Amino acid sequence: MTAPASAPAFPPAIVLIDNHPATAPAVDHPRADRRLSGCPRRETWTAFEAPQGDLSAGVWTCEPGHWRIVFPPHKDEYFFVLEGRLRLHDAARGTATEVQAGQGAVIPGGFEGSFEVIETVRKHFVVVERPLPAAD
């Protein structure tokens with residue numbers, strides 16, 4: 001007979017993602033080699049990180065600007081725009097998708113293009129990073 005697994009010290013709890021967190025954000029800017037226009041300040045409040053390291057969620061804000069993005073094949077992001085407006089440019093298709101307050105979108109793994117903030121954006125985000133396949 002197998003012994004039951006020990007219970008975690010603290011059982012999992014609901015994490016509230018506040019639209020305007022009271023804590024200080026992590027601040028960064030797009031890398032210089034990826035910038036297409038501007039050097040926008042980006043602020044990230046990570047409210048949740050799964051213990052396995054495969055999922056994170058929180059709030060992100062950004063000033064207007066435009067930069068290239070390349071998502072690894074194992075990383076997807078869902079986001080919901082609370083304020084502002086942005087445009088995702090799809091390099092492979094030559095198209096652009098505008099997302100504004102009240103709308104959500106998914107950036108799938110393997111996506112290449114650019115991220116353009118037209119009006120200062122505040123969004124909720126959920127990032128899922130699947131493990132890379134084992135090398136043979």
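The model is a predicted one, and the protein in it has zero helices and nine strands. Read along the sequence, the pattern is therefore β-β-β-β-β-β-β-β-β. Strand E9, which covers residues 112–129, returns in several of the topics below, both as a partner of other strands and as a part of the pocket lining.

**The protein as a whole**

- The C-alpha trace of the protein spans about 60 × 45 × 25 Å when it is taken along its principal axes.
- The protein has 136 residues, and 29% of them count as buried.
- If one looks at contacts between residues at least 6 apart in sequence, 66% of these contacts join residues that are at least 24 apart.

**How the strands pair**

- Strands E4 and E9 run antiparallel and are joined by eight bridges; in this pairing Leu55 has Val128 in E9 as its bridge partner.
- Strands E5 and E9 also run antiparallel, with six bridges joining them, and here the bridge partner of His66 is Glu116 in E9.
- Strand E6, which covers residues 75–90, is joined to E9 by 14 bridges, and these two strands again run antiparallel; Phe79 stands opposite Phe125 in E9.
- Strand E6 is joined to strand E7, residues 95–100, by six bridges in an antiparallel arrangement, and Leu88 has Thr97 in E7 as its bridge partner.
- E6 and E7 form a hairpin with four residues between the strands, and in this hairpin Gly94 takes a positive phi near 70°.

**The largest pocket**

- The largest pocket holds about 620 Å³ of space, and of the 23 residues that line this pocket, Arg42, Trp60, Phe71, Lys75 and Glu77 are the closest to its centre.
- Rolling a probe the size of a water molecule over the atoms shows where empty space is left.
- Strands E3 (42–49), E4 (55–62), E5 (65–70), E6 (75–90) and E9 each supply at least two residues of the lining of the largest pocket.
- Strand E9 gives the largest share of this lining, namely five residues.
- Sorted by class, the lining of the largest pocket consists of eleven nonpolar, three polar and nine charged residues.

**Glu116, a residue of strand E9**

- Glu116 lies in strand E9, and because its relative accessible area is 18%, which is under the 20% limit, this residue counts as buried.
- The side chains of Glu116 and His89 are joined by a polar contact of 2.7 Å.
- When residues up to four places away in sequence are not counted, Glu116 touches Gly65, His66, Leu86, Arg87 and His89; one of these, His66, is also paired with Glu116 by a bridge.

**Arg68, a residue of strand E5**

- Arg68 lies in strand E5, and because its relative accessibility of 38% falls between the limits of 20% and 50%, this residue counts as partly exposed.
- The side chain of Arg68 reaches the backbone oxygen of Asp33 at 2.4 Å.
- Not counting residues up to four places away in sequence, Arg68 touches Asp33, Arg34, Leu36, Gly113 and Ser114.
- Arg68 and His29 stand 39 residues apart in sequence, while in space they are 12 Å apart from C-alpha to C-alpha.

**Glu49, a residue of strand E3**

- Glu49 has its place in strand E3, and because its relative accessibility of 60% is over the 50% limit, this residue counts as exposed.
- If neighbours within four places in sequence are left aside, Glu49 is in contact with Leu55 and Ser56; of these two residues, Leu55 has Val128 in E9 as its bridge partner.
- Glu49 and Ala92 are 43 residues apart in sequence, and their C-alpha atoms are 31 Å apart in space.

Key. Residues are numbered from 1 along each chain as its sequence is written. This is a predicted model: local features need pLDDT of at least 70, side-chain atom pairs count only at pLDDT 80 or more; totals for chains, interfaces and linings use all residues. Side-chain values use heavy atoms; hydrogens and water are left out. Buried means under 20% relative accessible area, exposed over 50%, partly exposed in between (1.4 Å probe, protein chains only). A polar contact is a pair of N or O atoms within 3.5 Å; within protein, one must be able to donate a hydrogen and the other to accept it, and residues adjacent in sequence count only if both atoms are side-chain atoms. Contact means heavy atoms within 4.5 Å. On a 1 Å grid over the protein atoms alone, a cavity is a set of points where a 1.4 Å probe fits but cannot get out, and a pocket is an open set with protein on both sides within 12 Å along at least five of seven lines; lining residues have an atom within 4 Å of a point. Grid points are joined across faces, edges and corners, and a volume is the space filled by probe spheres set on the points. Ala, Val, Leu, Ile, Met, Phe, Trp, Tyr, Cys and Pro count as nonpolar, Asp, Glu, Lys and Arg as charged, and the others, Gly among them, as polar. Two strands pair if DSSP finds at least two bridges between them.
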